[in-house]
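Please examine the structure shown below together with its sequence. The paragraphs that follow proceed from the whole protein to a few of its parts.

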Amino acid sequence: MSALILFITVFGALLIGFPVAFTLGGVSMILGLINFGPELFNLMPLRIWGGVTNFVLVAIPLFVYMGVMLEKSGIAEEMLETMALLFGRIRGGMGISVILVGAMLAAATGIVGATVVTMGLLSLPTMIKRGYNIPLSCGIICAAGTLGQIIPPSVALVIIASVFNLSIGDIYLGAFIPGFLLVGLYLLYVIVIAIFKGEQVPAMPEEELAKFKSDNMFRRIFFAFLLPMALIVAVLGSIFAGIASPTESAAVGAFGATLLALAKRSLSYEKAMAVMYDTMNLTAMVFTLLIGATAFGLVFRGMHGDTFIIEFIEKTNMSPTTFLIMVNVLIFIAGFFIDYIEISFIVLPIVEPIFQSMGLDLLWIGVLIGLNFQTSFLTPPFGFSLFYLQSVAPKEVTINHIYKGIVPFIILQVIAVGILIYYPQLALWLPKVLSE
């Protein structure tokens, strides 16, 4: 009962609006003190210290720095403009370019907010001007911007790996095929719209394309596409080839992003300070949540909450597949109200021992949950991508346009989760092949 009271109290405080990190830590410490007495404070510092000094988590600030640097230096902006012009001659070309650039930025940064804001500022006004359907344009930008949740080097996957005690390299390899499966579903949707409702996604005017071809086209492609792609290959390739650990590759990515900004001559003292401030801010938020979640996990397990859940599942004769689907439905619903970091530190430590006791592959589960996390950025009322886009959208774009536009992409994400549940090898094949 104590564990149940702890969980209900934490969830109730979150719904009221208390900060997540302090709710997790504060409620856990109070109820832990009531149940265990002062001895709790002998265990807590050691547990927290063990969590925050995990070498794997050093990758988080480095990948964040890499993404923020690419966004602040304008490299992400050039990628988007160049790709739009390359695909501009076909119907739906601009939508296709936004999805492809979203995938590239995901592979280069893993940061959703920066990607959605950048593409919202640059693409949405142009798409509307070209006659694109407004809700569809909003849906494409929001969905493409969230690809950083599943395509490596995703910060979400780093957090899942740390909670499930998995190799980051393995979970990155596992997420590679499912991530690009989702990209393929997005592209297929836009192509179908272009075929059957071409007036919603018109091609770009010929004069703009002609100007692009005559105005240093190959130089723009080199700086806006090939150099960032080389950085992505250096980061992910060094991980997949086993040359460097994910943390070391993150350092390569951070250094490489700085060199690209210098080569572009767009790195000033003010921009460097802004990059470091944003990196510090986001990293501090993640680690504060980690401290609160560590306190919650220690107290919850001390109250035998995990044992209670396992016994409950055994009594109901729930199959592993049923439990897996139930957890994913819970994560999907939780994504309406809280973001993936909070879900990671609240839900995953509770279900991880249960998955292990059922004999399920945690690598597959981790990739599946990472794919599910995509929806937390798109589902109202608290989908962060929706707010990011609304903050930079032109005046004629309303929140109703955005809500209407994201519905098909949420359905596509649910379909992708279903495919991965049915075909676990999509996540397990690549790590197995490269480890042999």
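**From the whole protein to single residues**

The protein contains 22 helices and zero strands. The model is a predicted one. Of the 436 residues in the protein, 54% are buried. The accessible surface of the protein amounts to about 18800 Å², and carbon and sulfur atoms account for 68% of that surface.

We turn next to the interior. In soluble globular proteins, nonpolar side chains tend to be buried together. In this model, the largest nonpolar core has 137 residues, and Leu-6, Ile-159 and Phe-355 are those with the most contacts inside it. The element that gives the most to this core is helix H10, residues 168-196, with twelve residues. Which residues does Ile-159 contact, leaving aside its neighbours within four places in sequence? They are Ile-60, Val-286, Tyr-340, Ile-341, Ser-344 and Phe-345.

A single helix may now be considered. Helix H16 spans residues 320-334 and has 15 residues. From its first C-alpha to its last, H16 reaches 21 Å, close to the 21 Å expected at 1.5 Å a residue. Its buried residues are Phe-323, Leu-324, Val-327, Asn-328, Ile-331 and Ala-334. These residues lie on the same side of H16 because they cover an arc of only 135° around the axis.

One of the buried residues of H16 is Asn-328. Asn-328 has a relative accessible area of 6% and therefore counts as buried, since buried means under 20% relative accessible area. Apart from neighbours within four places in sequence, Asn-328 is in contact with Leu-368, Asn-372 and Val-417.

Gln-200 is located in the loop between H10 and helix H11, which covers residues 206-214. How far apart are Gln-200 and Arg-130 in sequence and in space? They are separated by 70 residues in sequence and by 9.7 Å in space, C-alpha to C-alpha. When residues up to four places away in sequence are not counted, Gln-200 touches Gly-131, Tyr-132, Asn-133, Leu-136 and Ile-193.

Terms used: Residues are numbered from 1 along each chain as its sequence is written. This is a predicted model: local features need pLDDT of at least 70, side-chain atom pairs count only at pLDDT 80 or more; totals for chains, interfaces and linings use all residues. Side-chain values use heavy atoms; hydrogens and water are left out. A nonpolar core is a set of buried Ala, Val, Leu, Ile, Met, Phe, Trp, Tyr and Cys residues joined through side-chain atoms within 4.5 Å. Buried means under 20% relative accessible area, exposed over 50%, partly exposed in between (1.4 Å probe, protein chains only). Helices (H or I, at least four residues) and strands (E, at least two) are DSSP runs, numbered from the N terminus. Contact means heavy atoms within 4.5 Å. The expected span of a helix is 1.5 Å times one less than its number of residues. The arc is that of the directions from the helix axis to the C-beta atoms. Accessible areas come from the Shrake-Rupley method with a 1.4 Å probe; for residues, only the protein chains shown count as cover.
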